[in-house]
Amino acid sequence: MAVLVVVAASTLLLSRPLAESLALREAKERSTAFARTVVAPLVDDEVLHGDVPASAPLVRIMQARMADGSIAHMKIWNEDGRVLWSEEPGVTGHSYELEPDVAALFSGTGATAEVSDLDKPENALEQSHEQLIEVYVGFRGTDGRPLVFEAYWPTERIQQDVGDLRWQFTGLGLGALLLLAVALLPLAVSLARRVDRGLAEREEMTAQALSASDLERRRLSQDLHDGLVQDIVGLTYVLPAVSAALPSSAAVERELLDRASADLARSAAGARELLSDLYPADLDSGGLLAAVDDLADRQRRHGLDVRVSVDPGLDETLPVAQMVYRIVREGLRNVARHAAASSVEVEAARQGERVVVEVRDDGVGLARSADGHPADARARHLGLRLLRDTIRTLGGELSARARPGGRGVVLHAEFPVVMGSSGGSTRAGAARPPEP
């Protein structure tokens, strides 16, 4: 439709100059034929010297042509710039300065044509309410003397040609485009179906990849929980009992056991936090907002002011909720490790068919290297690079840029909502499927 509109508008704009060009060519051809076949045989030596009886046949023919309206004005010039004949008596016999292109016609048999406003000195007595086509034709009289015939044609033909060209060219152009569109329709439908199939396959593969990743995180979480974490927790119970069984003289050994017990307790807490990162319990039971609040609470315990705003609709599909959680988790980690910030704003919302997640801090910002690229440790962090690659695979983007004013960083991520629609419609708050 856009192409059809452009073609129609272009045709309308180009029809007038094209019609004017055609009208000028036609007026030039008609004037040339009239000057050389009608006027030239009647211009002899007596006519050139102003003999009235000898000029009578020429006058009758010239006036007849003007009477039928086909020609508005006519003149005959000699090479001195004198008007030998004109329908205006006040112009005949007077001399005027000839323009270079007109003067050049005396040396040949060419012709010139243009649209005129009758603003030349020799047109002072010729009245007209419209533009006329002014034509000059070089010819020779019966004695071989070079002369120029001048004729003014009405521009009604231009207006008529404009209308004809508009209908003809517009119809032709639009008709050709419609035929082309009909011919290409089967190919366009086939390509559209291929694109749809490709998008559907990509969404299905993405959903399967996310599902496999989720299952692997669950397996790893279960292995850690049933193995390493249980062993560490068991040791935290055993070491105090061993310390209590030591004799009172083993103060050094008891102190070492107490230190080891404290270290194991910290390791157990870190392992539980790792398990929560790998597969957050709140994401399944309480939804995305509860899981993000849990991440925020961990940073609040370290003195960081974290404000959270999460669209409740983002946990309708588990893959979307998981991706939002991963982005927020990575963003908060980077702020805690590198930003030296006092406050963080976390915002996740749906905008049309895209999910937009931002983590904004008021920390030290992004340092720049000599080539202008971010030199901050956050920009080089492996976790952030892996996350960026994952989001790009989903058809999204992730970037870290400085906040206005240069204080702090904005981690901006967006990806399509459709990523969660092809591999099942499991809600983030639904019951957890059986462990693999």
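Guide: A residue is called buried under 20% relative accessible area, exposed over 50%, and partly exposed in between. The model before you is a predicted one. In it, Glu255 has a relative accessibility of 39%, so Glu255 counts as partly exposed.

Visitor: With which residue does the side chain of Glu255 meet in a salt bridge?

Guide: A salt bridge pairs a side-chain nitrogen of Lys or Arg with a carboxyl oxygen of Asp or Glu, within 4 Å. Here the partner of Glu255 is Arg259, with 2.7 Å from N to O. Both belong to helix H6 (residues 251-278), and because they are four residues apart there, about one helical turn separates them.

Visitor: How many salt bridges does the structure hold?

Guide: There are 17 salt bridges. Among them is one between the side chains of Arg145 and Asp45, at 4.0 Å from N to O. Arg145 sits in the loop between strand S4 (132-140) and strand S5 (146-154), while Asp45 is in helix H2 (residues 45-48), so this pair ties together parts that are 100 residues apart in sequence. Arg145 is partly exposed, at a relative accessible area of 35%, and Asp45 is partly exposed as well, at 38%.

Visitor: Are Arg360 and Glu358 buried or exposed?

Guide: Arg360 has 15% relative accessibility and therefore counts as buried; Glu358, with a relative accessible area of 15%, is buried too. These two form a salt bridge in which the closest N and O atoms are 2.5 Å apart. Through shared partners, salt bridges join Asp305, Arg307, Glu345, Glu347, Glu358, Arg360 and Arg401 into one network.

Visitor: Which residues make the nonpolar surface patch of about 360 Å²?

Guide: That patch is made by Leu180, Leu184, Leu187 and Leu191. Leu191 lies in helix H5, which covers residues 156-245. With a relative accessibility of 43%, Leu191 counts as partly exposed.

Visitor: What is the average pLDDT of the chain, and over which residues does pLDDT stay under 50?

Guide: pLDDT expresses the predictor's confidence in each residue, from 0 to 100. The chain averages 80, and 84% of the residues score at least 70. Over residues 368-379 the pLDDT stays under 50, and the model has 24 contacts for them beyond four places in sequence. Residues 420-436 also have a pLDDT below 50, with 36 contacts in the model beyond near neighbours in sequence. Where pLDDT is low, the predicted coordinates should not be read in detail.

How values were computed. Residues are numbered from 1 along each chain as its sequence is written. Side-chain values use heavy atoms; hydrogens and water are left out. Patches are made of residues with over 30% relative accessible area and no salt bridge: like charges are joined within 9 Å, nonpolar side chains (Val, Leu, Ile, Met, Phe, Trp, Tyr) within 5 Å. Accessible areas come from the Shrake-Rupley method with a 1.4 Å probe; for residues, only the protein chains shown count as cover. Helices (H or I, at least four residues) and strands (E, at least two) are DSSP runs, numbered from the N terminus. Buried means under 20% relative accessible area, exposed over 50%, partly exposed in between (1.4 Å probe, protein chains only). Contact means heavy atoms within 4.5 Å.
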